[in-house]
There are 2 protein chains.
Amino acid sequence: MEDKILLAHGSGGKLYRRLVNEVFLPAFQNPVLAKLEDQANLTVPKGNIAFTTDSYVVNPLFFPGGDIGKLAVCGTVNDLAVGGAKPLYLSVGFIIEEGFSLSSLRDIVNSMKKAAEEAGVEIVTGDTKVVEKGLADGLYINTAGIGVTREGINLSSTNAQPGDLILLSGTIGDHGIAVMAAREGLTVMSPVLSDVAPLNGMISDLIDAAPGVRVMRDPTRGGVATTLNELAAASRVSMKIYETEIPVREEVASVCEIFGFDPLYVANEGKILAVVPKDQADDALRALRQHRYGRNAAIIGEVTAGNPGKVYLETAIGGSRVIDMMAGEQLPRIC
Amino acid sequence: MEDKILLAHGSGGKLYRRLVNEVFLPAFQNPVLAKLEDQANLTVPKGNIAFTTDSYVVNPLFFPGGDIGKLAVCGTVNDLAVGGAKPLYLSVGFIIEEGFSLSSLRDIVNSMKKAAEEAGVEIVTGDTKVVEKGLADGLYINTAGIGVTREGINLSSTNAQPGDLILLSGTIGDHGIAVMAAREGLTVMSPVLSDVAPLNGMISDLIDAAPGVRVMRDPTRGGVATTLNELAAASRVSMKIYETEIPVREEVASVCEIFGFDPLYVANEGKILAVVPKDQADDALRALRQHRYGRNAAIIGEVTAGNPGKVYLETAIGGSRVIDMMAGEQLPRIC
């Protein structure tokens, strides 16, 4: 097979079939995909389903700790899981630039395969388009996902109540800084690894331990600050978080200081925020910390009454300031 | 609001929220999307579900008879419908080039809204990414779709049997030629309109009239020739089609002749091929012809035994030649 992607690989003709047969099918093998029909026919257990989609345009495609393929699987898995759904099936749409290296494509596809295996999901349907050289910056990936919603839990951004505690599952800013450092060719003593990971296992443990959990979100674009603002607005409450309680890796803090970024606005791809009733917060924290992706989990703040939509940060030196949503664009193309 | 898309529109922050609130929500309004959670929670009727995805990179974005938005809705609706599913829900992922006109985006979104209304589907979840100027060629769209499979029918590319008849729902090549002519700025006396349309209504009528239908496909990329080759290979049968029975508009035939295209390989976005048992073929044809999108439907050939995977064309002058899958790329970026 050619070692580069040609426009004809997106034609629906012979080269397209070879790409499917030699690259995608061996990696994503499952009986549904193998039928190569225009649609996947799936059995879902009784119950309601959850459905989500994200496109991934991260630059560079490979970065310390992951690549666009791992990101495309984990991001969609996590969007289903934070809604309380068990992720089951993914679709994948590739938009590839003419001339893209076939061996890089294989690496990305293998990375998707591994992430899907860890998350316990199957890639059951897909599509590939090829665009001319100069467009698409290598490749873009869209994934959509279907999950089955867990019975008996009620998660919604509108659920946070004064008195609830706010949990964060680990250090912030790792993903955004890892991608930025890779893009800028930044040489640092201890390189920052992206935290990109499938969180459905950890989230399931959290729900088992704290079935009264009100809402979970993964603080991706816009970071913890933007996500908390969205939750505070949707629930018509205010929130107070404590700077000293928010876990940040030293190397992330250093890079942020040098470049003038606030880690509260930097994207994460392997973290969740959870709002939990006070009496279940310890159980929730324990469940998070027992999971490999939640070892640095912490209770970072609380939900408060009054001033709906406002998020306050109690600083290390005892001051208090309002943390707004991200206004512009701090770090483009980190997911 | 700004009149052009900025990188910050893809940031997940304030401008992103405005884009969602001012452009997407008013067009796609439905209670599920309005919740703006990271995932849509849906109720599906009892039964199995169908799931599909396609990315759309058509160039130009607007062409006679449609635009990328209409295409993105209809293409995914049709992929569900040809599998025998009733399309219900769509996701949409936009990848937009920095600087893209917001009024063009509104036009595309409105076109999606109209197509979704005609097809009876809801756009329930979505995502927007923005990439730097020079990439993405305006915009790319991915849609994924969920449908419920109809009970009691069994459609599969492996089902075609010798003796079955092959139906085509109308003229071929309209979409590919319309896009190509728009791209090349071709001035023709009677401009060709794309046939892009949601076919789920017509397909449902066909199934009612001919419940024994073996397989349906929409001959998009690679055209009728490539699709028939796929079906013949999957069912391990041969096929014979009659050149004189295949409907082609005069203006499409003329353009094809000038540019050296074979209409059998040109993409369609509003047509289906159906393989039907002989005794149900007349009923199927009548059902197609009664629908606005099937007025020019015809029985174009038959399934034959021997030489599995081969498709033969009986030419107008009485010869017979093998029609292969498309080998290279005839018309890039037509969908």
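**View 1. R333(B) is a buried residue, with a relative accessible area of 6%.** Buried denotes under 20% relative accessible area, exposed over 50%, and partly exposed the range in between, for a 1.4 Å probe and protein chains only. The model is predicted, so that local features need pLDDT of at least 70 and side-chain atom pairs count only at pLDDT 80 or more, while totals for chains, interfaces and linings use all residues. Residues are numbered from 1 along each chain as its sequence is written, chains are lettered from A and ligands numbered from 1 in the order in which they are written, and side-chain values use heavy atoms, with hydrogens and water left out. R333(B) forms a salt bridge (a side-chain nitrogen of Lys or Arg within 4 Å of a carboxyl oxygen of Asp or Glu) with E132(A), and their closest N and O atoms are 2.6 Å apart. This pair crosses between chains, from the segment after strand 14 (320-322) of chain B to the loop between strand 6 and strand 7 of chain A. Helices (H or I, at least four residues) and strands (E, at least two) are DSSP runs, numbered from the N terminus. E132(A) is partly exposed, with a relative accessible area of 25%.

**View 2. R249(A) and D174(A) form a salt bridge, with their closest N and O atoms 2.7 Å apart.** The two residues are 75 residues apart and link distant parts of the chain: R249(A) lies in the loop between strand 10 (238-242) and helix 8 of chain A, and D174(A) lies in helix 5 of chain A. R249(A) is partly exposed at 33% relative accessible area, whereas D174(A) is buried at 1%.

**View 3. Helix 5 (residues 174-184) of chain A is largely enclosed by the rest of the structure, because eight of its 11 residues are buried.** Among these buried residues are H175(A), I177(A) and M180(A). The buried residues of the helix pack against strand 3 (62-63), helix 3 (68-81) and helix 8 (250-259) of chain A. G185(A), which follows the helix, has a positive phi, near 65°.

**View 4. Chain A and chain B meet through 73 residues of chain A in contact (heavy atoms within 4.5 Å) with 73 residues of chain B.** The interface includes 12 salt bridges. In one of them, R221(A) is joined to D127(B), the closest N and O atoms being 2.8 Å apart.

**View 5. R214(B) and D164(B) meet through their side chains in a salt bridge of 2.9 Å, N to O.** Both residues are buried. Elsewhere, salt bridges with shared partners join R17(A), D38(A), R217(B) and E230(B) into one network.
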